[in-house]
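Grab the coordinates and a viewer, and let's work through a few exercises on strands and helices. Try each task yourself before reading its solution.

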Amino acid sequence: MPDVQEGMWGGNASDQRSNVKKFLSVVAEMGLPGFSIKDLEEGSVSSVVECLLTLKDDVTTGSGQNISNNVKTPLRRRLELRESDGPIISVVTPGKRSPMEERQKGHWDLKSQQRNNLHSGQKVHDAFQLKRGPYTDLPAAKISEMMHPSSLDVNSLASDHVITFFILISAILLINITILYQNAPTQSLLRIVNGILDESIERKRGEIPHRVVYLLRNVVQEIEHRIAIQADHIRNVEKSKIDEKRKLDEQDMVRLIREKESAENTIASLQKEIQILSRMHEHYRERTETEARQMEEHLTSRIKEAEFLLMQSKKKAEEIESASQLKSQLWSRKANIFQSFMDNQKMSIKDIRLSSQSIKQEMFTLQMKWRDEISNIGHDLKGLVDAANNYHKVLAENQKLFNEVQELKGNIRVYCRVRPFLPGQDGKTTTVDYIGENGEIIITNPFKQGKDGCRMFKFNKVFKTHASQAEVFSDIQPLIRSVLDGFNVCIFAYGQTGSGKTYTMSGPGTSKEDWGVNYRALNDLFDISLSRRNAFSYEVEVQMVEIYNEQVRDLLSNNIAQKRLGIWSTSQPNGLVVPDASLHPVKSTSDVLDLMEIGQSNRAVGSTALNERSSRSHSILTVHVRGLDLKNGSTSRGCLHLIDLAGSERVERSEAIGERLKEAQYINKSLSALGDVIFALAQKNAHVPYRNSKLTQVLQSSLGGQAKTLMFVQINPDTESFSETMSTLKFAERVSGVELGAARSNKEGKDIKELLEQVSYLKDTISRKDMEIEQLLKEESKSPSSSTDRNDSRQQIRRLSGAAGSGEAECEDNVSDDGCSVAGTEYSIGGASEAAADQMQKTPSRIARLFLTKNGQPANSKPKPRESALKPPGRTKSTGSQVTGGVSSLKPPKRR
Ligand SMILES: Nc1ncnc2c1ncn2[C@@H]1O[C@H](COP(=O)(O)OP(=O)(O)OP(=O)(O)O)[C@@H](O)[C@H]1O
């Protein structure tokens with residue numbers, strides 16, 4: 001309580017503290033009981049009061065005034081006590097008494113003389129004597145009563161200083177008491193002090209210096225003032241403490257209520273958990289008991305089983321033991337027999353050794369003979385290889401020349417392309433059994449086993465599934481170029497829905513690798529015209545129409561819905577079959593790309609069960625090229641038709657109904673009209689039914705005229721499409737047999753005679769080359785040979801040359817191991833490479849097996865006469881696929 005102490009000491013606390021210290025030292029010098037400053041600060045007044053009373057007694061007796069001899073001061077009493085305990089002298093030597101003791105002694109002597117004098121102040125003295133004990137326990141009222149001025153004998157006060165001091169000490173004591181008992185009546189206490197002061201002043205009137213009185217009054221006033229402040233302060237502090245305590249109590253109450261609630265909740269949840277846990281425990285216990293019971297039963301049964309097995313195994317062991325004994329007896333018997341057998345064998349081995357020596361001798365002589373023979377065969381083989389090399393060269397040229405002859409004859413070229421399985425169709429089986437290098441393709445019927453299950457077709461070229469767009473185009477590139485030379489060229493794609501017609505003609509995307517025939521052809525036209533710009537000037541114009549439900553529509557017109565276009569039965573002088581269709585001049589490939597994009601977007605498409613985006617119309621892109629020879633001023637006019645036909649599938653397979661059914665019917669009608677036209681052309685009929693459909697009308701100049709025509713026959717390898725594939729290939733086979741007549745260039749000033757001369761020249765060359773091959777074969781047959789291999793090689797060459805020469809090689813019905821046959825089908829392997837022939841020899845594929853008899857010999861080992869090859873190229877009946885074999889000269893003739 002530093003503030004309380006500050007209040008207690010008031011003013012300059014250190015001065016006051018030093019005064020008290022001085023007082024205490026004086027008291028100590030006087031040999032009186034003192035007190036500590038701490039006692040004052042802590043409010044422990046008992047020691048202070050005792051000190052003061054002792055001092056008062058001492059002073060009173062010392063002054064000798066009105067002191068009764070009977071009154072015993074504490075000092076006196078103490079001395080008396082000492083005396084009663086024994087004479088002081090016995091404790092302290094008389095000569096050696098300290099000044100203090102001397103003084104005390106003097107005091108005691110004096111006191112003893114006055115011992116019996118009674119004084120009026122005895123009352124107060126006794127009162128204090130009685131109450132000297134625990135003052136702290138006294139109530140403030142009692143103290144005040146005791147210290148009332150009426151009950152105090154102020155006459156006994158000896159000196160002014162002592163009185164002053166006593167008053168001061170009393171004041172301090174009172175303050176302390178007041179602080180200690182905060183409810184003490186402060187005013188009455190002060191009145192006590194003031195009373196004491198007044199009385200002292202009255203009695204000592206004129207003796208107490210006025211300034212002391214003044215000082216004392218000030219001190220008392222100051223104390224009064226401070227006590228009042230202190231009391232207020234204490235009251236406030238107490239009040240705030242009480243408020244604070246109340247608040248804290250309230251908070252504690254709220255907190256305790258909350259804690260109680262949460263504890264109750266926790267108890268409730270814990271009770272729930274305990275219930276759940278006890279239920280779980282119960283359940284677990286029950287389950288464990290059941291499991292234990294089951295386990296026990298199981299183990300009991302297993303023990304029984306084990307016991308049973310043990311019994312059985314014991315029995316078996318016994319049986320085995322007896323059996324092994326029997327066997328060992330048997331084995332010992334056998335060992336004896338074997339020993340005798342071994343002896344016999346040794347004897348016979350000796351004989352064999354003798355005979356093997358003689359055989360070795362014979363073998364050696366035979367080996368010598370064979371070595372001679374093999375060296376002879378080597379020589380023969382070398383000759384054969386040379387002959388075969390020459391033969392293949394001749395065959396390649398033969399093929400080339402044959403193509404030229406075909407071109408001159410005007411046969412429609414047929415290229416077959418097999419679509420790969422699309423993503424997600426990996427597990428499907430294919431109908432395509434074999435694709436040859438020279439245009440052969442064998443289709444297997446998935447529903448028929450044996451020889452009737454295979455069918456072979458032969459076209460100008462068959463592209464395998466992985467053939468790229470560029471690869472496909474490279475084969476038709478020369479055809480495109482001839483457009484710039486004034487020829488009419490027609491390329492069309494035929495096949496069932498989803499077989500890849502649009503893929504081949506337009507391509508799957510706009511990137512350069514994806515470009516189909518259309519883009520590549522036009523790109524090529526521009527490239528060539530650019531390279532010829534010094535000699536020729538070309539103008540290229542494009543038309544794009546579609547035939548939808550037997551109506552011709554312009555795909556490049558702004559308003560295709562309204563305009564229905566007519567077809568001119570005979571081509572216009574400018575080569576336009578559909579003159580009303582818009583004609584767009586183009587200068588670069590990008591112009592063409594833009595136009596085609598418009599055309600493709602205008603094309604009628606729909607989804608069928610077979611293709612999500614099926615072309616429901618025939619699209620015809622026509623490129624008109626006009627060339628001007630800058631040297632001689634002659635002009636040429638070429639026309640390129642690029643046709644993407646609509647799908648040729650059966651109506652029921654495409655599950656078409658409503659509008660789709662109508663479209664499919666129109667498509668099928670126009671395609672069958674195309675078939676009729678082709679059939680009539682192949683038969684060289686006088687009447688060709690061009691007018692049966694719009695498609696045939698548009699294609700009239702390309703099919704019947706002197707155009708170069710190429711058909712892409714597209715097939716889907718899926719077994720589900722087998723019947724469509726077969727009908728498509730049969731149609732293509734008929735198309736390949738059609739001769740359109742020699743293509744003619746639309747050039748002014750050129751004579752057909754020149755071309756006919758070329759044909760007769762080529763025929764001569766073919767005859768000459770055939771004779772050369774014949775000669776080679778004769779030479780080869782004369783060469784000596786004894787081994788079977790040589791025979792086989794010769795027969796193979798004969799067979800190859802026979803097939804190539806005759807252009808046909810029939811497969812015997814009963815030849816192949818798996819019964820595969822192409823009965824009634826003519827086919828050719830003309831132009832087969834040496835590698836292919838080797839391959840066929842090593843691992844006979846189905847096509848190779850077609851040429852082998854049952855005993856592995858070639859089916860057609862005898863060379864066929866070459867008449868067919870020497871025959872002037874004429875019409876081939878469409879009883880089978882077109883023969884592409886032929887013999888050519890080593891030096892290809894120039895066409896013009
Ligand atoms: N050679 C190929 N390589 C990869 N995918 C091909 C090939 N040919 C066709 N396809 C794919 O097969 C699907 C069908 O092809 P496309 O649309 O060209 O057939 P279509 O014969 O034009 O059909 P439609 O007659 O219905 O128009 C397409 O997804 C196409 O990308």
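## Exercise 1: a sheet and its edges

In this predicted model, three strands make up an open sheet in the order E2-E3-E4, with antiparallel pairing. Task: work out which are the edge strands, and find how many bridges link E2 and E3.

Solution. 

1. Look for strands that pair on one side only: these are E2 (432–435) and E4 (454–458), the edge strands.
2. Check the twist while you're there: from one strand to the next, the average is 20 degrees.
3. Now take E2 with E3 (residues 440–444): three bridges hold this antiparallel pair.

## Exercise 2: the partners of E7

Task: find how many bridges E7 makes with E12, with E9 and with E8, and name a facing residue for each pairing.

Solution. 

1. Start with E12 (residues 618–629): E7 (residues 536–548) runs antiparallel to this strand over 12 bridges. Ile-547 has His-618 in E12 as its bridge partner.
2. Move on to E9 (residues 584–586), where the antiparallel pairing with E7 covers three bridges. Here Val-542 faces His-584 of E9.
3. Then E8 (residues 551–554): four bridges, and again E7 pairs in the antiparallel sense. Across from Glu-546 you'll find Arg-553 in E8.
4. Finish at the turn. The hairpin of E7 and E8 has two residues between the strands, and Asn-549 takes a positive phi near 50 degrees there.

A tip for viewing strands: in a regular one, the side chains alternate between the two faces of the sheet.

## Exercise 3: two helices against each other

Task: decide whether H15 and H16 are roughly parallel or antiparallel, then describe the contact between H15 and H16.

Solution. 

1. Get the geometry. H15 (residues 517–531) packs against H16 (residues 589–602) at an angle of about 155 degrees, and the axes are 9 Å apart.
2. Apply the cut-off: an angle over 145 counts as roughly antiparallel, so that is how H15 and H16 lie to each other.
3. List who meets whom. H15 brings Asn-518, Tyr-519, Leu-522, Asn-523 and Phe-526, and H16 answers with Thr-589, Val-592, Leu-593 and Met-596.
4. Sort the residues of this H15–H16 contact by type: six are nonpolar, three are polar and none is charged.

Technical notes:
Residues are numbered from 1 along each chain as its sequence is written. This is a predicted model: local features need pLDDT of at least 70, side-chain atom pairs count only at pLDDT 80 or more; totals for chains, interfaces and linings use all residues. Two strands pair if DSSP finds at least two bridges between them. Axes are lines fitted to C-alpha atoms, for helices over the stretch in contact, and angles run from 0 to 180 degrees between N-to-C directions. Angles under 35 degrees count as roughly parallel, over 145 as roughly antiparallel, 65 to 115 as roughly perpendicular and the rest as oblique. Two residues are in contact if their C-beta atoms, placed from the backbone, lie within 7 Å. Ala, Val, Leu, Ile, Met, Phe, Trp, Tyr, Cys and Pro count as nonpolar, Asp, Glu, Lys and Arg as charged, and the others, Gly among them, as polar.
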